[in-house]
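This report describes the helices, the nonpolar core and the confidence of one protein model.

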Amino acid sequence: MVQANYQDKNSFLCPRSSYHGQIKPENLVFNANLQEFSQKISYITSLETSGRLSPEIAFCQIAALWKQLEDSKNKLKIGSD
């Protein structure tokens, strides 16, 4: 019973969309990274909007997440055709 409740909360708090692009392992991994990036950005902007996070800290956290996403893209060689 506890496990089912945990999965319900997890899918509610961190929804995942299905991937509709070209099916390649690197595309699937990047899509998962992009969805995680999007979710974290949503949390950060909500915390900043509610006044629980300063704009400077929010900006630094978003910049760090963007850098991680860029590194992921480069390592997976996405768009380097």
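**Helix H3**

Just after H3, Lys77 adopts a positive phi of about 55°; helices (H or I, at least four residues) are DSSP runs numbered from the N terminus. At 1.5 Å a residue, the 22 residues of H3 should span 32 Å, and its end C-alpha atoms lie 31 Å apart, which agrees; the expected span is 1.5 Å times one less than the number of residues.

**Nonpolar core**

Phe30, Phe37, Ile41, Ile44, Leu53, Ala58, Leu65, Leu69 and Ile78 form the largest nonpolar core, of nine residues. Such a core joins buried Ala, Val, Leu, Ile, Met, Phe, Trp, Tyr and Cys residues through side-chain atoms within 4.5 Å. H2 (25-49) and H3 (55-76) each give two or more residues to this core, and the largest share, four residues, comes from H2.

**Model and confidence**

The model is predicted: local features need pLDDT of at least 70, side-chain atom pairs count only at pLDDT 80 or more, and totals for chains, interfaces and linings use all residues. Residues are numbered from 1 along each chain as its sequence is written, and side-chain values use heavy atoms, leaving out hydrogens and water.

The average pLDDT (the predictor's confidence in each residue, from 0 to 100) is 89, and 83% of the residues score at least 70.

Terms used: Buried < 20%, exposed > 50% of the residue type's maximum accessible area, 1.4 Å probe, protein only.
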